[in-house]
Amino acid sequence: MEAKTSQTEPDSLKENGLHFGIRVSIKALSLFVIFNLLFAVFYPPAAAKRVSAYNLLFPGRQRLPYGEIPEKSYNISLYDLEAMFASHELSNRNKPKDEYRIILIGDSSTWGFLLTPDQTLAAYLNREQISLPHNQKVKVYNLGYPTMSLTKDLLILSFAMQYQPDMILWPLTLESFPYDKQLFSPLLQNNPGKVRGLIKDYNLNLDLQDPKLKTPSFWDKTILGSRRNLADLFRFQLYGVLWAATGIDQFIPKDYEKRQEDLPADENFHELAPPKLNETDLAFEILSAGVSMARSSPVVFINEPIFISQGLNSRIRYNFFYPRWAFDDYRRLMMEKSSANRWYYWDFWDSVAPSEFTNTAIHLTPNGNQQFARLLAQVILSVASSTISNQ
Amino acid sequence: MSLTHLFVFLLIALIAGWLIPGRWRISFLLGASLIFIYWLQPSTPIRNLDFWLPTASIFLTVLVWAITHQPQANSMRLTWITASIVVGVVILVGVTRYVEPICCLTPSRPPELFRILITTGLAAGIIALLYHFSPGNRFLPYLAIFTILGLFIILKSEPLSRSTSAWLRYSTGQPYGMASALDLPWLGFSYLSFRLLHVLRDYQSGKLPPFSLDEFITYALFFPSYTAGPIDRSERFVGDLRKSLQPLESPTRYQNKVTNTAQGVQRIVLGIFKKFVIADSLAIFALNPQNAVQTTSTLWMWVLLLAFSLRIYFDFSGYTDIAVGLGRLVGIKLPENFDRPYLKTNLAMFWNSWHITLAQFFRAYYFNPLTRMLRTSKHPLPAWTIILIGQLTTMLLIGLWHGISWNFFIWGAWHGLGLFIHNRWTEWIRPREEFHTTLANNHRLTNLLNWMVTFIFVTVGWVWFALPNPALAWKTIRILGGE
């Protein structure tokens, strides 16, 4: 009799235990599915992505997040523009009345590759303490971003316009102009909707259906699907502590490979062969789009300094990037387009000595950046003064 | 230990707890533990070492059992079955070398089978000899203790590890100029050695109850606690193991099992959260040699140090929660390692609640025998000297257990002296009733002050632990002090 009882009671308990386990598992699974679906349907709106520990707990970053070795650079490459801008010092405060706000866009040389935040072009320009009529003080914000593509610069500019810039300073180099480079940047590939919007709105000569622009699927929008991006965003907030503690946002190795002095005897530039560049070979319409986008704020184009090699085959090429004929033609075209469109344009291509370049033909040393900044300070003063007096 | 490891462990523990009949459960846990120590072993640049290190763990364990076995407790049949399982697993792991789709359980390809067979044969011969000659032999336990301590010193000392690595590289025909102390990541050895030392010392003092070979290996290599403890006592573990094998007869037993499973899963989830969410997040900005050099602000240095302090707690206690939870699933109640240590109001209480099983080990096998010896010697020392010697040397040993280097030595001394000062303060205050009453009247304030002093003392002490270079640690402490 006793044995019978002990047989049946454990069975019922086992059943209860099993039912309890199944109930808990089903509830947990259901909640997980529901949260994922809700997340995908109401994919975090811009306002949610703007919530950031930067400018709140930690000082805003002086340049947009980009990091190849996060544990050493205390920085991570994010591709969400809302989150990227939310971490930038530009989002810190409303524009002061006496601030003449200059937004500096461009490639890795503007961002400051192999340079600390206080050695970037923006930092040196701010150190110039440029004062304008009506007691306005120039404040330059570094919105450069590594990877060479005018479309990438335009995307950043489109986002930066909400911060009421008084001037846009846009250092350029030929490598950002070819059409095959335009959608190359991961920042563009991860913002397909915004890029398509730019292509449509400004009638850019780019393919709306380019396979590089991958539209995220419903799955990609779930918590599970976007877990990598969410984790990166979270880690980026945590790296704010180390940014605040150390002021480091880039790992700068002690030794790096220097820019190439001896060059291949190759005359081609991308798919283009000598003797002549045509206007249609380069994405000039993106510059026009930038000018339209900026409305009344002047856009100042700068042909940024390049390394001019004296090594092997330097009669054929200026440097690793550019055959001489292509770069010379690009300068000519830039000049012609600027005159025709009445763009502000300065050409500083050979204004910095070759010894002031670091690992590529466009990355400058701190000293080189300082020299470049002094030249730009004159440009800023000239353009800003004329636009202010015209107002 | 990764999340993948954890999910597999969870599955195996659930199967062991619910599906495997009692009489097979030890064999199942034994087999799983043996396989898992190979699976958990990190890779090493020395050829085949990631196979030989777990094999050495198994060899050491069986060797200690052979030395400490008590013949009346062992049926030869069961011993042979267990030995066959052990040899079978070693060969099976080795055979994966030849089975391409499942190669390999170890991070790199295991050695050729004939090498494994020769080594296993040699090991079996040594163990058989020890098994035969151990009863009544007082020399063998000492030999085993010194062997384990010797290995421990080699692994924890950077120059000795590097030399050993150079020798191993040379003997495997690899360039020995590249030898590094990091080449010898013998996973779980620290905890295994403590379990084996405890068994050997208890055997020497006649306190060790008899265990069968399968019980002993399961105790020493139990997969939930293999990598990060807790350091359980053999008699307690085996007691639980035996209880868990009994058939389920009463409803209460079933109820216990359901409760154990629920509590076990809860502990595992808590542990995963502590380790993989909190600790790993804090690890991003916790104090380390790289950011210590780069930080000059007092405020931010404190933030980094606090992150380290919390990270080390959540990381370690998270692992313990996972181990305890997994143990629960198979009916084994592993001891607790933490009891809210950062909320304690003095250093003695902190050490009674931080890495409890390690502190208990040192108390039982070092501090108590040492102070007893000093107290009862012909020329007894003053009480305060005995306490100073006992506490300082115990904490120095605990420090050096983490690594034989100056920073761990200083960390041990920091706590040893801290405990001594606390002891003297307590002794000083005890007869002073008036002062005592004042403190009692301001109970909350006193507690808050005591907690703050204890927490700050422990946290600043972590600087020595986190930074291998004492000069950098001292500089960091000066920055923390406002310099």
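Reader: Why is Ser165(B) called buried?

Author: In this predicted model, the relative accessible area of Ser165(B) is 0%. Buried means under 20% relative accessible area, and Ser165(B) is therefore classed as buried.

Reader: What makes Ser165(B) part of a helix, and which residues does that helix span?

Author: Ser165(B) is placed in helix H7 of chain B, which covers residues 158–171. A helix is a DSSP run of at least four residues, so the assignment of Ser165(B) to H7 follows from that run.

Reader: Which residues does Ser165(B) touch, leaving aside those up to four places away in sequence?

Author: Ser165(B) touches Ile46(B), Ala179(B), Ser180(B), Asp183(B) and Leu184(B). Contact means heavy atoms within 4.5 Å, so each of these residues has a heavy atom within that limit of Ser165(B).

Reader: Is Asp329(A) buried or exposed?

Author: Asp329(A) has a relative accessible area of 11%. Because the cut-off for buried is under 20%, Asp329(A) is buried.

Reader: Where does Asp329(A) lie, and what does it touch beyond four places in sequence?

Author: Asp329(A) belongs to helix H13 of chain A, residues 324–341. Its contacts are with Pro275(A), Lys276(A) and Leu277(A).

Reader: How do you know what share of chain A is buried?

Author: Of the 391 residues of chain A, 50% count as buried. The chain has 14 helices and 6 strands, and its C-alpha atoms fill a box of roughly 105 × 55 × 45 Å along the principal axes.

Reader: What are the domains of chain A, and how far apart are their centres?

Author: The domain assignment gives domain 1 (1–41) and domain 2 (54–389). Taken over C-alpha atoms, 57 Å separate the centres of these two domains of chain A.

Reader: What makes domain 1 and domain 2 of chain A count as being in contact?

Author: In chain A, 7 residues of domain 1 are in contact with 7 residues of domain 2. The two domains bury about 600 Å² between them, 79% of it on carbon and sulfur atoms. In domain 1, Asn36(A), Phe39(A) and Ala40(A) lose the most area to domain 2, together 73% of what that side buries.

Reader: How many salt bridges does the rule find across this interface of chain A, and how many residue pairs are in polar contact?

Author: Between domain 1 and domain 2 of chain A, the rule finds 0 salt bridges, while 2 residue pairs are in polar contact. The side of domain 1 that touches domain 2 has 6 nonpolar, 1 polar and no charged residues.

Technical notes. Residues are numbered from 1 along each chain as its sequence is written. Chains are lettered from A and ligands numbered from 1 in the order in which they are written. This is a predicted model: local features need pLDDT of at least 70, side-chain atom pairs count only at pLDDT 80 or more; totals for chains, interfaces and linings use all residues. Side-chain values use heavy atoms; hydrogens and water are left out. Domain bounds come from an automatic or database domain assignment. Buried area is the accessible area (1.4 Å probe) that two parts lose on being put together, summed over both. A salt bridge is a side-chain nitrogen of Lys or Arg within 4 Å of a carboxyl oxygen of Asp or Glu. A polar contact is a pair of N or O atoms within 3.5 Å; within protein, one must be able to donate a hydrogen and the other to accept it, and residues adjacent in sequence count only if both atoms are side-chain atoms. Ala, Val, Leu, Ile, Met, Phe, Trp, Tyr, Cys and Pro count as nonpolar, Asp, Glu, Lys and Arg as charged, and the others, Gly among them, as polar. Helices (H or I, at least four residues) and strands (E, at least two) are DSSP runs, numbered from the N terminus. Buried means under 20% relative accessible area, exposed over 50%, partly exposed in between (1.4 Å probe, protein chains only).
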